[in-house]
Amino acid sequence: MVKILFILFFPLFLSAKFQAITYFPLETHIVKKITQAEIKIREISSRFNHNYEELPFSEVSRFSNAKVFFHFGLEVEKKYEEVIKNRNPELIVVDLSLNIEKIENNPYIWTDPLLLRQIAQNLYEALIQIDKNKANLYKKNYENFLEEIDNTYLKIKQKLSNSEVNTIYVLDDYWEYFAKRYRIRTIKKDKKFLHVNEIPDLVKFTQRNGIKNLLFYDNYDHNIALSISSNLNVKMIEDSIFKDKWQINLFSLTDELIKN
């Protein structure tokens, strides 16, 4: 009788889903590229926030039931890791940025499609250790994800190679990995309104270097971006690297950069 019950319930055991944590939706989207619906994911935040916000006791308790925490190794994520691990010392922590050479003080590695290959490898290698019974499924999904990454990289490369985008203005450092991969020079502008005396020289510099775009992150910087854009005759592009769908984000950014 015991043997019969084991046979009946063994498939259920193999298909059991474990719970994982991510910090924000972009990480969830990437994790699901390999796990699909095979694990349950709970997000700490529904949108990216640079600042740590203390979690209610009830939330900490729920997160403490998770088996693994996948994150990009951001400082804010390490603080949540510490809080949750204090409640659950057995929590497995997977830093998806492992073995990636980073630009100093810049953790935004996922804007480079080829670095995303290493992120995918880190995720895959962790999953086949944590959930060995589904290793074949994860392998198939991992290989499909790598193909998607490579195709994304090549499509963006082709679009930018056929454009005149060589140098861009930026108000933040969010796009440095993207720019480095595609050999685009970024010039960071201070978040201040241009002084009338500096405009003539900046106009000449902008024209001489063929700069046609200014990237900024959110509406808080809109007026400053508008001032720079109107005075230097460059297009202002509001772009968030923290939206959940990484591929759509990069295609959208590329299309905006090359659009006349």
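## A look inside the fold

Let's start with who touches whom: of the contacts in this protein with a separation of 6 or more, 64% join residues 24 or more positions apart. Keep in mind that you're looking at a predicted model.

Now for the overall picture. The C-alpha trace spans about 85 × 40 × 25 Å along its principal axes, and the secondary structure comes to 10 helices and eight strands. Out of 260 residues, 46% count as buried.

Which residues have the most contacts inside the largest nonpolar core? They are Phe70 and Trp110, and that core has 68 residues. Helix 5 (residues 113-130) gives it nine residues, the largest share. Both domain 1 (19-47 + 54-157) and domain 2 (163-258) supply at least three residues each to this core. There's also a second, separate core, and Leu202, Leu214, Phe216 and Ile224 are among its members.

| Core | Size | Some members |
|---|---|---|
| Largest nonpolar core | 68 residues | Phe70, Trp110 |
| Second, separate core | 14 residues | Leu202, Leu214, Phe216, Ile224 |

Let's zoom in on Phe70. Setting aside neighbours within four places in sequence, its contacts include Ala20, Ile21, Thr22 and Tyr23. Further along the chain, Val94, Leu96, Leu123, Ala126 and Leu127 are also among the residues Phe70 is in contact with.

Conventions
Residues are numbered from 1 along each chain as its sequence is written. This is a predicted model: local features need pLDDT of at least 70, side-chain atom pairs count only at pLDDT 80 or more; totals for chains, interfaces and linings use all residues. Side-chain values use heavy atoms; hydrogens and water are left out. A nonpolar core is a set of buried Ala, Val, Leu, Ile, Met, Phe, Trp, Tyr and Cys residues joined through side-chain atoms within 4.5 Å. Buried means under 20% relative accessible area, exposed over 50%, partly exposed in between (1.4 Å probe, protein chains only). Helices (H or I, at least four residues) and strands (E, at least two) are DSSP runs, numbered from the N terminus. Domain bounds come from an automatic or database domain assignment. Contact means heavy atoms within 4.5 Å.
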